[in-house]
Amino acid sequence: MSYGSSLKTCVISFVTVISLAAALPVAAQTRNPCIGASLPMTGPTAWAAESIRLGAEIAIEEINAAGGVLGQQLSFKMYDDAGQPPRGVDNARRIAEQDNCIAMFGGWHSGVALAVVEPVHEVGMPYIAVISAGTKITENDRNPNFMFRVSMFDRWQALALVRKSKEVSKAAKIGVLYEDTGWGQGAVPDLKAAAEAEKAALVGLEVFKWEDRDMSAQLIRLREAGADTIILYSRDLEANQILRSMDRLNYKPRIISAWGNTGTLGELAGPLANGMIVLQTFSWMGDLQPRQKAILDKMMAKNNLKSPADIRHGSGAANTYDAVYILAAAIKAAGAYDWKKVREAMYAVRHEGIVQKYDPAFTPERHNAILPENYRWTAWHDGNILPLEQTPYKSN
């Protein structure tokens, strides 16, 4: 080979390398048409992950049957975090770096969602919480903020819980029981602020750990403080132990619960759960609008469900269904599978959902889509969690 031909080959190779390098940023912006999700697929809250799957799959099937999004078919990839924050972080990196998904959904545990704020912002991938309610998930001081939520928002939930507790309390003395997690601890300042705003007396705040078997000490202190109503932040597993401890102590306060107790409490506690009032965003029980009923029928037929009660976290299934449609609309508005463009397009989304009408879904100041006026009160009665107005506990 001559010197001239070698030089020519080198120049061509160099130009090729430069051309490829120039193309890399464009290629890097093209994400795959998948939604990755970090969910507690194993452990005591696995039923929450299952509820998320139910809502996601029906929404994706409907969207794909209508032609997909920008001509591509969406898919849903689930990874187990077992409620453990480090596993959630690993899942976030896998969804962003290996799967190259257009967005990530988060599941039940606020502690996991709080842990992924850092990796999500390191890569700049849109994230949507569909159950976890912790305030600091979306209020994280990031600018731009890639954390969105189609779910309960704890600051608003705390205010609703305090107001309902004031309504049902005869002694005007309210106690608080909360789990020692990112979710429970994060709720305390919201509850204190809500109580101050509502001029409500919080006479005691008691904490417990996951899998605690006996809550007698905490309950005795609340009883001695005169609390006739208790605001509860817990999972079903610990709520069961709380109810059993109350029964042993013959202590019968009204319980106004955050929405952690929506799944298996009726089975675990039996009649002891009757009358526990729980705040949610949606219920598949009772009367439904035609579109809601059609979606329920699809979920039940596809998954061989015998009853709407088999959807253990009804709010999670409905929130996820709406979140998929909101994300799809943002991708269409962005005109590309591009993280930054989709994040910006979230503010342009207007959508008629099954939980509410999103008009718009988000604003730069509000990354929480479901508004507090659309929250719903439910109550446990004879093993089912029903809309409050359909239970004997609707009156004080």
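Helix α2 (residues 46-65) packs with α13 at an angle of about 35°, and their axes lie 7 Å apart; axes are lines fitted to C-alpha atoms over the stretch in contact, and angles run from 0 to 180 degrees between N-to-C directions. Helices (H or I, at least four residues) and strands (E, at least two) are DSSP runs, numbered from the N terminus. This is a predicted model, in which local features need pLDDT of at least 70, side-chain atom pairs count only at pLDDT 80 or more, and totals for chains, interfaces and linings use all residues. Residues are numbered from 1 along each chain as its sequence is written, and side-chain values use heavy atoms, with hydrogens and water left out.

Residues of α2, including Ser51, Ile52, Gly55, Ala59 and Ile63, meet residues of α13, among them Gly316, Thr320, Val324 and Ala328; contact means heavy atoms within 4.5 Å.

A nonpolar core is a set of buried Ala, Val, Leu, Ile, Met, Phe, Trp, Tyr and Cys residues joined through side-chain atoms within 4.5 Å, where buried means under 20% relative accessible area (1.4 Å probe, protein chains only). Not counting residues up to four places away in sequence, Phe105 touches Thr320, Ala323, Val324 and Leu327, among others including Ile35, Phe76 and Tyr127.

Over the whole chain there are 14 helices and 14 strands. Of its 396 residues, 57% count as buried.

How values were computed
Buried means under 20% relative accessible area, exposed over 50%, partly exposed in between (1.4 Å probe, protein chains only).
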